[in-house]
Structures are given as structure tokens and as C-alpha cells.
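Trainee: I would like to learn how to read this structure. Please take me through it feature by feature.

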Amino acid sequence: MAPSVISVVISPNPASVMRAWKASREATAAAGWGGELAQAGVTMNLAPVADLVDIADPDSNEPIGAWGRQYGNDKETVIERAGAFARGMESAGVVATFKH
């Protein structure tokens, strides 16, 4: 029996999302990605990253800032945007886990 193939869209990095989308669009997109994960049998996503990254030197937090994995540079923005991602995932039945 041949293995089944599941296609999943990879989401853009959070820094790109922050520049292009409002939180409501991010939540809607995350619901779509969550739906794809749920369809593949995934029940938990080890995201979003909730790190704060120094705006003057994002590379100082290399695993996050250098790769654009941050949702912002202040706690209010990170809470809003990482929260929007989590709400979208959870609306699709996928548990989101805030990391770091």
C-alpha cells in the first residue's frame, strides 16, 4: 500500500506577518493553517514564539530575531499578535503553545 501524501501550507514568518497584516487577518490565516494541521491529525502546534527582540539589534537574539520569528519588540504587541495566532489555531481545534 502506497503512503498517503498530505499537503500543508507553510506560514510566513511572524516579522513578515507583522509588517503586512492586521491581527484580525493573522487570526483568520492561523485558523486556515490550523485547519490544515487538524486535517493531518495534528492536535498541538509548538507556536507561537512569544520572545521580545531588541528593535535596535534583532540579531542579538539570533534564533528568533535573525530569522524574523518575533511578533514584536514590546510586550503589548507580542501579546496582541501572538494571541491572534493562538486564537486562530485554537478555533481550528489545534492547541497553541506559547514558547520561550
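Trainee: What does the secondary structure of the chain come to?

Mentor: Helices (H or I, at least four residues) and strands (E, at least two) are DSSP runs, numbered from the N terminus. Here the chain has three helices and two strands. Along the sequence the pattern reads α-α-β-α-β. This is a predicted model: local features need pLDDT of at least 70, side-chain atom pairs count only at pLDDT 80 or more, and totals for chains, interfaces and linings use all residues. Residues are numbered from 1 along each chain as its sequence is written, and side-chain values use heavy atoms, with hydrogens and water left out.

Trainee: What does the C-alpha trace span along its principal axes?

Mentor: The trace spans about 55 × 25 × 25 Å.

Trainee: How much of the chain do buried residues make up?

Mentor: Start with the cut-offs. Buried means under 20% relative accessible area, exposed over 50%, and partly exposed in between (1.4 Å probe, protein chains only). In this chain of 100 residues, 36% are buried. Accessible areas come from the Shrake-Rupley method with a 1.4 Å probe; for residues, only the protein chains shown count as cover. The accessible surface of the chain is about 6,200 Å². Carbon and sulfur atoms hold 58% of that surface.

Trainee: Which residues have the most contacts inside the largest nonpolar core?

Mentor: The general idea comes before the case. In soluble globular proteins, nonpolar side chains tend to be buried together. A nonpolar core is a set of buried Ala, Val, Leu, Ile, Met, Phe, Trp, Tyr and Cys residues joined through side-chain atoms within 4.5 Å. The largest one here has 15 residues, and Trp21, Trp33, Tyr71, Phe85 and Met89 have the most contacts inside it. Helix H2 (23-39) and helix H3 (75-91) each supply at least two residues of this core. H3 gives the largest share, five residues.

Trainee: How many aromatic pairs does the structure hold?

Mentor: A pair of aromatic rings is described by the distance of the centres and the angle of the planes. Rings of Phe, Tyr and Trp (its six-membered ring) pair if their centres lie within 6.5 Å; planes under 30 degrees apart count as stacked, over 60 as edge-to-face and the rest as tilted. This structure holds three such pairs. Trp21 and Trp33 form a stacked one, 6.1 Å centre to centre with 25 degrees between the planes. Trp21 sits in the loop between helix H1 (14-20) and H2, Trp33 in helix H2, twelve residues apart. Both Trp21 and Trp33 are buried. Next, the rings of Trp33 and Phe85 have centres 6.4 Å apart and planes at 40 degrees, so this pair is tilted. The two residues are 52 residues apart, with Trp33 in helix H2 and Phe85 in helix H3. Ring pairs link Trp21, Trp33, Tyr71 and Phe85 into a cluster.

Trainee: Why does phenylalanine 85 count as buried?

Mentor: Phe85 counts as buried because its relative accessibility is 6%. Contact means heavy atoms within 4.5 Å. Leaving aside neighbours within four places in sequence, Phe85 is in contact with Glu26, Ala30, Trp33, Asn45, Ala47, Pro48 and Tyr71.

Trainee: Is the peptide bond from alanine 47 to proline 48 cis or trans?

Mentor: The bond is cis, with omega near 15 degrees. Pro48 is in the loop between strand E1 (44-45) and H3.

Trainee: Where does glutamine 70 lie, and what does it touch?

Mentor: Gln70 lies in the loop between E1 and H3. Its relative accessible area is 12%, so Gln70 is buried. Not counting residues up to four places away in sequence, Gln70 touches Pro14, Ala15, Met18, Asp51, Val53, Ile64 and Gly65.

Trainee: Which residues does glutamate 90 touch?

Mentor: With residues up to four places away in sequence not counted, Glu90 touches Val95 and Ala96. Glu90 is in helix H3. At 44% relative accessibility, Glu90 counts as partly exposed. Val95 is in strand E2 (residues 95-96). Val95 counts as partly exposed too, at 41% relative accessibility.

Trainee: What about the end of the chain: where is histidine 100?

Mentor: His100 is in the segment after E2. Its phi is near 70 degrees, a positive value in a residue other than glycine. His100 counts as exposed, at 69% relative accessibility.
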